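Biologist: I would like to go through this structure with you. Could you show it, please?

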Amino acid sequence: MNEMAKVTTAKDWASDQEVRWCPGCGDYAVLKAVQRTMPDLNVAREKTVFVSGIGCSSRFPYYMATYGFHTIHGRAPAVATGVKLANPELDVWIITGDGDALSIGGNHTMHLLRRNLDCQVLLFNNEIYGLTKGQYSPTSRIGTRSPSTPFGSVDRPLRPCAFALGSGARFVARAIDVHKGLPDVLKAAHAHKGASFVEIFQNCVVYNDDVFAPFTAREFAGDKQLWLAAGEKMLFAGGTKGIALDVERLALKVVEADDPGVIVHDPKNRSIAHMLIEMPGEGFPVALGVLYDDPAPTFESAVVEQNAAAASGKTPDLQALVSKGQSWMVEKEPHKL
Amino acid sequence: MASATHLLTEREATAQPPVEAVVVRFAGDSGDGMQLTGGQFTLSTALAGNDLATFPDFPAEIRAPQGTTFGVSAFQINFGSTAIDTAGDQPDVLIAMNPAALKVNAEALRDGGLIIADEGEFTARNLAKAGYDANPLDDDSLARWQVVRFNISQLTLDAVKPFGLGNKEALRCKNMWTLGLALWMFDRDRQPIVDWLKSKFAKAPGLAEANIAALNAGHAYGETVEMGASIRQRHIEPAPAEPGLYRTVTGAEALAVGLVAGAQLAGLNMFFGSYPITPASPLLHHLARLKEFGITTFQAEDEIAAICAAIGASYAGQLGVTSSSGPGIALKTEAMGLAVMTELPLIIVNSQRGGPSTGLPTKTEQSDLYQAVYGRNGDTPLPVIAARSPADAFDCAIEAVRIATRYMTPVILLTDGYIANAAEPWKLPEMSGFAPFPVTFHDTPPAEGVGVMPYARNDELARPWIKPGTPGLEHRIGGIEKAPGSGNIDYSPEAHQKMTDTRSAKVLGVADSIPDQAIALGSEGAKLAVVGWGSTFGPIHQAVRRAQLRGLDVAHVHVRHIWPAPRNLGTLLQGFERIIVPELNMGQFKTLLRDQYLVDARPLNKVSGLPFRIAEIEAAIEEALA
C-alpha cells in the first residue's frame, strides 16, 4: 500500500456480477459510494479484501472487483482477523449488518474492536432482518411490529456506536446511505490506522421503509443532522443552533449558535463522543460524521512485532525441535532375538 | 510403545516366565504434585531403557477440597523389559499419599500387590473426609494386599528441616521424598532428577536444595531401613528397541511438533487459532513458544472465532489450524462447512474427551467419530484421520497437512485425552528423511477477457489456491452454492448437483494417495479380526498378542484413515470370519464399517472414561471365538 497504486476509476472497482438487491434499497447507494471512494484511497485492487457475514448487505463483496470472502452469519470479524494476521499488507473491509454484527456476531465485533485490528467495519443498520423477511433486529425500536413480534417488540434496542465505543473502538463514525457525506466518512475510516467502525443508516425499502426519515428526509435534514468536522463548532439548523455542554448536568444541550459554550469538535475527546452518540432524539439532532478518532497501536502490528522478537536469534531447526528434552541412545538390541 | 518395536523376544515367543513389567500408581491429593512425580519417574524409567506407557488420571477440579475422594489425582506407569503397549490393567504398586487416594485406588490393585501409605496423613480428620469409619491401616480390610506404612510427611519434614521452610512449604517436598523411594525401589539414577530440580528452581536455590534433600532422604530410607520382604529393590532390564536416539513424548507435544513439521514440509507459515479447553489446550501452549517456525498463535474469543480466523488465514495463504475437544468442535461445525464449501486447507484437531455436553472433561473417550465423519449440515465430506498413540500423533499431523494442502480441504485429526497426556518413548525421526510436499500458489492471471476460475479442478479435483495480494486474480468465494469453475453464485439444480458430486468425489479420491490397510498383527483371513482405531491400539495389540501366544487365530487391524478408508479395507475385512470392534464409545466405528462394507462387525464398547484393559479385550476375543 506504500507505493503508488495504479490510477483507477469507480468502474474498475465494480465486478461483472449483476447486483441483486431490491430496487430502491439503500445498499445500492453505499455500494456506489464505496466504488467511487476506492480510486481516491491509493490502494491496489489485488491488495483489497472485502469480508462479509450473512444478510442483505453481506452480498456486497460479490459486487467489488477485489478479493472477497462471503463467510457465515456473524463471523466476518473472525475471518478478517485471520486474513489480516496472515498478511498485514492487505487492506481489509468488513461489511456487516445490525443482526450480523450485533446479534449473532456481537461477540466477534466486540473483540475485533477491543483488539484494534486495522480494518474498516461498515455496519449497514436498517433496524430490521431483511434477508429472512422482516423480523425485528437488535437495533429495532421498542414497539416494532414484525412477523416475529406481531404485537410490537418489547426489548430495548442497542446503539451500535455506543457498543463500539464501549468495546474500545478508536474510530467511530456515522453516515447515511444516500447522503453525500458518506465518501468523506469512508476516507476518514480508511485513513485511520486500526479498527474503524462506521454505522451507516441504511433504508430497507421493503421491510422498514423510512424508519430513519425523521432525520434523513430532506425537510428535516437541516434541523436534525449535526455533521461534525474536527476543529469546527458543532452547529446545525443552517448554522443557527449549536451544541454545548451543560456542565451541571454533565450532558449536552442545544443552544443558539452565538452561545460562547458551543463545543469545538475534538475527535479525540472520548467523553464528548459518548455524549454525542447518546443524544436523545427529542429536540436534539443526530450526530453524524467522525464522532471519535484517536489512533492506538493495532493488533496485527503487536502480533507481528512479538512474533519477530520471539523468533529473533533462533533458527528454525526441525531436527533440534524433535530432539528437544532429555534423550537416550539405544546402542543395540539388548535382548537376543 | 508404537515406536519401540514390538518384536517378540525369545522368552516371550516361547511363553516362558514372562519378562518383567511393573505397574506403579502414584496417588494423592490434587495439590500433592502426583503428576509431577509421575512425570519425573517416567523420565527416569525412559533413561533406564525400559519401554513404558503412562496414564495421568486427574480430576476436573483444579484444587478440589483437600483430602476428598474427588480431589484425588493419580499417575500410572507401566514399564518393563518388554514392549509395553498400555499403562497396565492393574497396578502392582500403589503409593497412597492420603486416605482418599487409598480409598479411590485400592480396588484396582492386583491381589497381593503392594500398598505404600503415608501414615502421617491418616488422621481422624482425613479418614473422615475419605469416608473411612476406621483406619484401614489398622484393621484387616487391606488383607488382600501387602501394606507398608511410614510417616512420609514427618520424614520429609525432618529431611528438609535445615532449609528453614515453613510447615506448608516443607510438606510440599514429600512428593520428592516419595519419588526418591521409588527411584531406590527400581534401582534408578537420581542425577537427572537432581538436574531437573536445579533448573526448575533456578530462581529459588533454597527450594531446589530442600527438594533434593527430600529426594535423597527417600532414597536413603529405602536403602537403610529394613522393610522386610514387601519392598525389595528390583532392577528391570532395558526393553528391546530399535537402536537409535530416543526421548519420551506426550501426544500433545508430538502433535505440536508434527504440525510444525507438516507446515515446514509444505513450505507454509502456520496460523493456529484456538480457544482454551481441556484436554486440548496443551497444543496451544506448545505452539505458542515456537514462533521461529513462522507460527502465529491466536487465542480467540471463542471456538467459532478460532476456526474462522484459521479459515481466514488459510484464505490469505497460510496453513490454518484449529484445535479443540468435542464441545468446542460442535461449535466449529458451521465453519467447517464453510471450509468445505470454499475448499481451503485447514486442520481441525479434536482431542476427544468423555461426552455428551460438558461430559467428562479430563477423561478419555472416542465418541466423536460420528461428529467427525457425519456431523455437519448438508453433504459435507472431509477427510478424517486418527492417531493411535502419542508418537503416532507426529506422523498423523504431517499426514493431515499433506492431505489438506494437496486436496484443498479441511481435515479432521482425531486424538483423545489419553493420547494428549500420556507419554511413551519415541525414536527421534530423522527429518531429512521426510519428502517435502511444497504448496504451489496459483499466480498466473487469465488471458484478457477471460474470467478468473477459482473453482477450476486439477486431476485430483483440487481447486487452485490463490492468495489475496496476487494481481489479476481477484475473485470472490463464500459459503453459498456456486457455479463450477467461476465460483460465481449459482443456485441452479445443475450447479448444486455438480458441486456436491465434485466435493464428494474429491474427498473419496484421497484414498488414492494413502497406503493400503496393513495388518498390525496376525494374518489375512484369520478366524477373528480385532479392528480398532485411535488410542485403543495398545490394549488391542497386547490382547491379540496374548491370544496368539495361546494359539488363537486372531489378527489386529488398526485403521488410521477413517474417511476415506484405504481402498483395500473392505476386501480385507470381508476375508475374516468374524470381526469385533473395541471402542471407547457405543459402537460408532462398528456402524461405519457395517455401513461401508456390509460386514458383521460386532461391538465391544466401554465408556467409563478409562482406557480398555488388556484383559477386557482378551475376554472378548475368547468369547468371539468360543
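Biologist: Which residue in β7(B) is the bridge partner of A:Ser327?
Modeller: Please bear in mind that this is a predicted model. In β7(B), A:Ser327 has B:Arg247 as its bridge partner.

Biologist: And what about A:Trp328, which residue is its bridge partner in β7(B)?
Modeller: The bridge partner of A:Trp328 in that strand is B:Tyr246.

Biologist: How many bridges join β14(A) to β7 of chain B, and how do the strands run?
Modeller: Four bridges join the two strands, and they run antiparallel. The strand β7 of chain B covers residues 244-250.

Biologist: What is the strand order in the sheet that includes them?
Modeller: The order is β14(A)-β7(B)-β14(B). This is an open sheet of three strands with antiparallel pairing.

Biologist: Why is one side of β14 in chain A, and of β14 in chain B, left without a neighbour in the sheet?
Modeller: Both β14 (327-330) of chain A and β14 (423-427) of chain B stand at the edges, and each has a single partner strand, so one side of each has no neighbour in the sheet.

Biologist: What is the average twist?
Modeller: From one strand to the next, the twist averages 35°.

Biologist: Which helices of chain B pack on the sheet?
Modeller: Helix α10 (residues 251-266) of chain B packs there, touching β7 and β14 of chain B. The direction of α10 makes about 110° with that of β7(B). Helix α15 (residues 390-407) of chain B also packs on the sheet and touches β7 and β14 of chain B. The direction of α15 makes about 55° with that of β14(B).

Biologist: Turning to the contact between the chains, how many residues does each chain supply?
Modeller: Chain A supplies 55 residues and chain B supplies 63 residues.

Biologist: Which element gives the most to the side of chain B that touches chain A?
Modeller: That is α12(B), with nine residues. Elements of chain B that each supply at least two residues to this side include α2 (34-47), β9 (295-299) and α13 (326-342). By class, the side of chain B that touches chain A has 37 nonpolar, 16 polar and 10 charged residues.

Biologist: Now for chain A by itself: how many helices and strands are there?
Modeller: Chain A has 11 helices and 14 strands. The C-alpha trace of chain A spans about 100 × 50 × 45 Å along its principal axes.

Biologist: What percentage of the residues in chain A is buried?
Modeller: Of the 337 residues in chain A, 47% are buried.

Methods. Residues are numbered from 1 along each chain as its sequence is written. Chains are lettered from A and ligands numbered from 1 in the order in which they are written. This is a predicted model: local features need pLDDT of at least 70, side-chain atom pairs count only at pLDDT 80 or more; totals for chains, interfaces and linings use all residues. A residue is buried if 20 or more other C-beta atoms lie within 10 Å of its own, exposed if 12 or fewer, and partly exposed in between; C-beta atoms are placed from the backbone. Two strands pair if DSSP finds at least two bridges between them. Axes are lines fitted to C-alpha atoms, for helices over the stretch in contact, and angles run from 0 to 180 degrees between N-to-C directions. Two residues are in contact if their C-beta atoms, placed from the backbone, lie within 7 Å. Ala, Val, Leu, Ile, Met, Phe, Trp, Tyr, Cys and Pro count as nonpolar, Asp, Glu, Lys and Arg as charged, and the others, Gly among them, as polar.
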